[in-house]
Amino acid sequence: MNPSTPDPAGAFRDLFRDTYDDLLLFVERRTHPAVAEDVVADVFLVAWRRFADVPVPRDEARAWLFTVAYHTMRNTRRSDHRQQSLALRILREPDTVARAESDQVAARLDLVQAWKHLSPDDQQVLTLTVFEDLTGPQAAKVLGVTRATFSVRLMRARRRLRRHLGRPAQIPSTTSAAARIAETGVSA
């Protein structure tokens, strides 16, 4: 439309009144009827914003609106396609957080079951070091035993706990000779 039009709002109303039905039919033939009115509304919004670009002859203005409608529908389809692709990609990716949480829950359940199989003495030794956070000498003092005796009890309790968890007992390379003797029952 001519930017020097004395009444742009009136000219736009005339354009809307003259082209709305044809434009709605054009869009309804190419997209779902439920979204056709939204597309047409978007087209007229573009026309209002770019009113200076709308050709003055009514036939050319109508063709310009159809072109805008075509591009609007194409953009909508591309957007829908991107959203569907993203949704599919999200569904295909493994849920690492949920998997990690379920692994932790399973590990806790295993630990609870293994804990139930330990003797009260083994539970007490492990509790003092793990839950009460006492050092070996402090825990030995609580139980009234020597530090070496407590270390042997702790090692045996850990080994039994591992066995109940279904894990093989591992002897760290830094284990002392006394601990290895206690572990294997053989002198070094």
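Visitor: What is the relative accessible area of Trp-48?
Guide: Trp-48 has a relative accessible area of 43% and is partly exposed, that is, between buried (under 20%) and exposed (over 50%), with a 1.4 Å probe and protein chains only. The model is predicted, so local features need pLDDT of at least 70 and side-chain atom pairs pLDDT 80 or more, while totals for chains, interfaces and linings use all residues. Residues are numbered from 1 along each chain as its sequence is written, and side-chain values use heavy atoms, without hydrogens or water.

Visitor: How many aromatic pairs are there?
Guide: The structure holds nine; ring centres must lie within 6.5 Å, with planes under 30 degrees apart called stacked, over 60 edge-to-face and the rest tilted, using the six-membered ring for Trp. Phe-12 and Phe-51 form an edge-to-face pair, 5.9 Å between centres and 70° between planes.

Visitor: Where do those two sit?
Guide: Phe-12 is in helix α1 and Phe-51 in the loop between α2 and α3, 39 residues apart; a helix is a DSSP run of H or I, at least four residues. Phe-12 is buried at 15% relative accessibility, as is Phe-51 at 9%.

Visitor: And what about Trp-48 with Phe-51?
Guide: Their ring centres are 6.2 Å apart and their planes lie at 40°, so this pair is tilted.

Visitor: New topic: which residues does Met-73 contact?
Guide: Beyond neighbours within four places in sequence, Met-73 contacts Phe-26, Val-27, Arg-30, Thr-31 and Val-39, where contact means heavy atoms within 4.5 Å. Met-73 lies in helix α3, residues 58–92, and is buried at 4% relative accessible area.
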